[in-house]
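Colleague: I'd like to learn how to read the contacts in a model like this one. Could you walk me through a few features?

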Amino acid sequence: MKFVVRLKTIEEITELISMGADVFLVDTPLAVKKVGLEMYDLLETIFSYGKEVYLLVNKMIHEEDVEPLNKILSKAKDNRITGVVAGDLTVMVKAKELGVANKVIYQPGTMNTNSFDNEYFFLKEIKGITISKEITLSEITKIFTVKKTELSLVGHGFIDMFYSKRKLLTNYFIFKNIVRENIRENPNFRLNEEMRKDSYYPIFEDNGGTHVFRNLALESFDEVEELEKALDDFFIERIFIGDEEYYDSLKVYNNKMSREEFLEKYQDKYNKGFFYQFTEKIKGELDEN
Amino acid sequence: MKIELLSPAGNLEKAKIALLYGADAVYIGGKQFSLRARASNFDLAMIKELVDFAHGINKKVYITMNIVFHDDDISGLDEYLIYLDEIKVDAIICSSMIVIERAKALTNLEIHLSTQFSVTNSLLANYFFHEGVKRVVLARELSLAEIKEIKEKSLADLEIFIHGGMCVSYSGRCTLSNYTVLRDANRGGCAHTCRWLYDLFENDRKISDNHDFQMSSKDLEATEFVKDLLDMNISSLKIEGRMKSVHYIATVVSAYRMLIDDYYHGALRDVSFYQNEIKKAENRQTSYGFFKGETTTEQQLYNQRSEVPTKEFVGMVMGYDNSRNLLEIEQRNYFKPGDVLEIFTPDKTIVTFKVKNVFSQDDEILDAARHPLQLVRLPFALSIPKFSMVRKVKND
């Protein structure tokens, strides 16, 4: 199992490699929730470190995005780029046209929830799929038993819950008549719901729209041994996490730091997501519209 | 080909009302595999009854199977698909690959791709067409110009949402409800967490006042753009709202039916006419969504204010006694002698009258129609068709 890390600066590459990074995930012009804005222009430098490089293309693809997508995927023909992480299935369709579908990792967040998806995309001859974020560990391991295509998981970090095309922060400031700069890609905004006083959900606006995240980051320190039996890639998400904390998480997964030390240092920020938490299919009697 | 007007229906009564009031097709969810399974009372026999009814008047029924399947949800899928094929359902609406592939393998069912997949471009629409999908329900995040471009390049038939509630998120890309209340938004459990009230903070500094940060959007109302969609030869115009009342369904379907028919007859009226018809039943604020491009504050709901329909639904006509000139009405809301009511028939006729007397079924004079679902009789000179809606005319 390879550890896929998001790259912010060239200067940190050597350090990340020493901590156990196997693959660098680089934001592209069609990435949302970016962490490393100019890395895409420095691919040659990144290649020189000899590690695998994936490109992140996780924006929803509208007609106007097709030509930029074409350019990114043409670049992905380079043998030194070994993966294209796709949020929208359109990336697979375009990649097939360009002969690079075998590099596509389909990572829509919510759609890869059953064993059949793994078989379907195996037959499409893409590189693999990322299992969805809202299913349990037992559901994940069930998919493992029929594994055909490469499987991956976003196993650590702040996971988004919501992707809207609407510019919700910008519109809110207009509604409030507040003149304000530095809204886009500002990582400091958080939402607090009136009935959940202790939960602060990061909200992030960028060119793709608005993203809302879980209040606590996911960690898989206890589960990684089980996961690595079948996962090909383990993505470590970086948004909203400081550099030192990010490096520490990578160290834990590579046995260079104890999980106890990490959790003592950062514990109040983390939980286990949906690993042990089933979700109901049917609505209850809550107040609903 | 004439465009299809597609209506939601949460139960058999609503489905029949929708078809009688001008929908060309209805979409319903069964008790399995649908995002509105909770709201459904459509068991297999009832689905068959509706299909037979619809086909008898040359209309169609589509079945939604648009949950995102987990492994545990797959049991019974094959049998369900085979049954729907046997009773000649006109199409299924789905978003999971497993449904598409099993339907192709086992049945001749027409397959429509749900908006839950959020298709936003022609490349993906054409991919699904080649995968055996006949129709793609496009994402609601598209402008009119984008829809036009997709239509020009698309091999698949296209269906466009024109009215009703909208997810704030790209459909199918939200797990707010999963995380906050442990209910799976993509398997029918959505708790509308996006409509809750929030405070906005920047670091530890509160920016909002009294939870006035809201993500919720106004409902979609696209009367202004229907002419353009008709010009483009879009295949189907879709209304959202399987949870809505019969009165809402009848009113909204009827308004869009008139708009579409007026277009084909070269007799379009000012758009405000159709909008005013819709307002007789609409109880949420509306806007035009993404049709003009990026949304603004105009498309957001910041104050949770509900709209009051301009006409209150008070009953449904259940029959007419020709021998005694009595109209039989099933009461839905309070009315009394002296009220001015408006009857709205499936063929769009509107009759306004003042209530003189209200009688019980035993011919007792009543001071008012007070009880929901109570059958009351009103003296009335004209024969009025069953399932006509009765509204109270409000004074401005």
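Predicted model: local features only at pLDDT ≥ 70, side-chain atom pairs only at ≥ 80, totals over all residues.

Colleague: Let's begin with the strands: how many bridges join strand 9 of chain A to strand 8 of chain B, and do they run parallel or antiparallel?

Modeller: In general, strands of a sheet pair through backbone hydrogen bonds, in either a parallel or an antiparallel way. Here, strand 9 (residues 189–193) of chain A and strand 8 (residues 198–202) of chain B run antiparallel and are joined by five bridges. Along that pairing, A:Leu191 stands opposite B:Leu200, and A:Glu193 has B:Tyr198 as its bridge partner.

Colleague: What is the order of the strands in the open sheet?

Modeller: The order is 8(A)-11(A)-10(A)-9(A)-8(B)-9(B), six strands with antiparallel pairing. At the edges are strand 8 (160–164) of chain A and strand 9 (205–206) of chain B; each has a single partner strand, so one side of each lacks a neighbour in the sheet. Helix 7 (residues 168–175) of chain A packs on this sheet, touching strands 8, 9, 10 and 11 of chain A as well as strand 8 of chain B. The direction of helix 7 of chain A makes about 105 degrees with that of strand 10 of chain A.

Colleague: Which element supplies the largest share of the side of chain B that touches chain A?

Modeller: Strand 8 of chain B does, with five residues. In total, 59 residues of chain B are in contact with 55 residues of chain A. By class, the chain B side has 26 nonpolar, 19 polar and 14 charged residues.

Colleague: Now for helix pairs: at what angle do helix 1 and helix 2 of chain B pack?

Modeller: The general idea is that two packed helices are described by the angle between their axes and the distance between the axes. Helix 1 (residues 12–20) of chain B packs against helix 2 (residues 44–56) of chain B at about 10 degrees, with the axes 11 Å apart. An angle under 35 degrees counts as roughly parallel, so helix 1 of chain B is roughly parallel to helix 2 of chain B. The crossing is right-handed.

Colleague: Which residues of the two helices meet?

Modeller: From helix 1 of chain B come B:Leu12, B:Ala15, B:Lys16 and B:Leu19, and they meet B:Met46, B:Glu49, B:Leu50, B:Phe53 and B:Ala54 of helix 2 of chain B. The residues of this contact divide into seven nonpolar, no polar and two charged.

Technical notes. Residues numbered from 1 in each chain as written. Chains lettered and ligands numbered in written order. Pairing = 2+ DSSP bridges. Helix = DSSP H or I, 4+ residues; strand = E, 2+ residues; numbered from the N terminus. Contact = placed C-beta atoms within 7 Å. Axes fitted to C-alpha atoms, helices over the stretch in contact; angles between N-to-C directions. Parallel < 35°, antiparallel > 145°, perpendicular 65-115°, else oblique. Left-handed = near helix turned anticlockwise from the far one by under 90°. Nonpolar A, V, L, I, M, F, W, Y, C, P; charged D, E, K, R; others polar.
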